[in-house]
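Here is a friendly briefing on one protein model. Keep the 3D view open and look up each residue as it comes along.

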Amino acid sequence: MQTSPRVVSDVMTRAVVAVGRDAPFKDIVRLMERWKVSALLVLEGEGRVIGVVSEADLLPKEEFRDSVPDRFTQRQRLSDLAKAGALTAEELMSSPTVTVHGNTTLAEAARIMARRNVKRLPVIDTEGRLDGVVSRSDLLKVFLRNDEDLTEEVRHEVVDRLFPLPADHIRVEVLEGVVTLTGWVDDAELIPVAERLARTVEGIVDVHCHLTGAIGTR
């Protein structure tokens with residue numbers, strides 16, 4: 001059975017394009033174009049992450065190229081104006097950088113991205129060195145798992161664990177990531193538990209629970 005990805009190290013990208021703090025503006029643009037990425041990590045020493053330069057950090061140079069902003073704009077966008085005059089990665093980068101470890105759960109990584117409004121998170125090892133990058137698209141890879149794998153995992157991790165063997169009277173079907181549980185169980189109190197556990201399987205989109213219990217129906 002294919003194991004469902006549960007932590008960042010299962011889905012992260014290990015090949016990362018990065019620059020040093022002294023990298024010139026035009027080199028950064030060239031690297032983004034060459035590797036088709038929207039951001040570069042800034043590293044120092046033996047791979048310690050000190051910042052991120054994104055396309056948004058580069059755009060102020062073009063935005064303010066041929067105009068002098070009014071005083072209101074100057075007060076509201078001091079950071080962008082500083083980046084308009086930046087020449088190196090150190091001057092352009094956003095810092096400090098929000099990082100995660102490889103054993104961070106995918107759910108927690110998603111919460112951090114949403115809370116901090118970032119599109120990617122550098123993944124560091126126990127020494128603080130770069131190990132990879134996890135992006136929003138990486139987190140969505142769990143939804144590429146096929147229905148057969150999901151069916152087998154729900155059967156193994158939910159049905160077989162909750163209900164005494166043999167559990168052939170419980171049917172598990174997954175279609176386009178939506179799992180349907182049908183059949184009967186001896187203990188009706190376990191029905192909501194089964195539904196909740198099925199939702200925790202990585203790659204499941206929704207759960208339709210049509211199980212019936214010895215006491216009452218759901």
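Val-16 sits in the segment before strand S1. With a relative accessible area of 28%, Val-16 is partly exposed. Keep in mind as you explore that this is a predicted model.

**Around Val-16**

- Setting aside neighbours within four places in sequence, Val-16 is in contact with Leu-41, Leu-130, Gly-132 and Val-133.
- Val-16 and Glu-33 are 17 residues apart along the chain, and their C-alpha atoms are separated by 14 Å.

**The whole protein**

- The secondary structure comes to nine helices and nine strands.
- The radius of gyration is 24 Å, well over the 17 Å that the globule rule gives for 218 residues, so the protein is more spread out than a compact globule.
- Taken along the principal axes, the C-alpha atoms fill a box of roughly 75 × 40 × 25 Å.
- Of the 218 residues, 39% are buried.
- Among contacts with a separation of 6 or more, 57% are between residues 24 or more positions apart.
- The accessible surface comes to about 12900 Å², and 52% of that surface belongs to carbon and sulfur atoms.

- Which residues of helix H2 are buried? In this helix, which covers residues 55–63, they are Asp-57, Leu-58 and Pro-60.
- Looking down the axis of H2, you would find these buried residues within an arc of 140°, so they line one face of the helix.
- The face of H2 turned away from the buried side carries Ala-56 and Leu-59, which are exposed.
- What covers the buried residues of H2? The cover includes helix H1 (25–35), strand S3 (48–54), helix H4 (78–84) and helix H5 (89–92).

**Salt bridges**

- How many salt bridges does the structure hold? There are 19 salt bridges.
- In one of them, the side chains of Arg-21 and Glu-44 meet with an N to O distance of 2.5 Å.
- Arg-21 lies in the loop between strand S1 (18–20) and H1, while Glu-44 belongs to strand S2 (residues 39–44), so this pair ties together parts that are 23 residues apart in sequence.
- Arg-21 is partly exposed, at a relative accessible area of 25%, and Glu-44 also counts as partly exposed, at 23%.
- Another salt bridge joins Arg-30 to Asp-27, with their closest N and O atoms 2.8 Å apart.
- Both Arg-30 and Asp-27 lie in helix H1, three residues apart, which is about one turn of the helix.
- As a general rule, an α-helix has 3.6 residues a turn, so residues three or four places apart point the same way.
- Asp-27 is partly exposed, with a relative accessible area of 36%.
- Lys-141 forms a salt bridge with Asp-138, and their closest N and O atoms are 3.0 Å apart.

**A nonpolar patch on the surface**

- Leu-140, Phe-143 and Val-205 form a nonpolar patch on the surface, and together they have about 300 Å² of accessible area.
- Leu-140 is found in the loop between helix H7 (136–139) and helix H8 (147–162).
- A relative accessible area of 52% makes Leu-140 exposed.

**Backbone details to look for**

- Most residues other than glycine have a negative phi, and most peptide bonds are trans.
- Lys-36 has a positive phi of about 55° although it is not a glycine.
- You can find Lys-36 in the loop between H1 and S2, where it counts as exposed at 63% relative accessibility.
- Asn-117, also a residue other than glycine, has a positive phi near 55°.
- Asn-117 belongs to the loop between helix H6 (106–116) and strand S5 (120–124), and it is exposed, with a relative accessible area of 63%.
- The peptide bond from Ser-95 to Pro-96 is cis, with omega near 0°.
- Pro-96 lies in the loop between H5 and strand S4 (100–101).

How values were computed
Residues are numbered from 1 along each chain as its sequence is written. This is a predicted model: local features need pLDDT of at least 70, side-chain atom pairs count only at pLDDT 80 or more; totals for chains, interfaces and linings use all residues. Side-chain values use heavy atoms; hydrogens and water are left out. Buried means under 20% relative accessible area, exposed over 50%, partly exposed in between (1.4 Å probe, protein chains only). Helices (H or I, at least four residues) and strands (E, at least two) are DSSP runs, numbered from the N terminus. The arc is that of the directions from the helix axis to the C-beta atoms. Contact means heavy atoms within 4.5 Å. Patches are made of residues with over 30% relative accessible area and no salt bridge: like charges are joined within 9 Å, nonpolar side chains (Val, Leu, Ile, Met, Phe, Trp, Tyr) within 5 Å. Accessible areas come from the Shrake-Rupley method with a 1.4 Å probe; for residues, only the protein chains shown count as cover. A salt bridge is a side-chain nitrogen of Lys or Arg within 4 Å of a carboxyl oxygen of Asp or Glu. The radius of gyration is taken over C-alpha atoms; the globule rule is 2.2 Å times the number of residues to the power 0.38.
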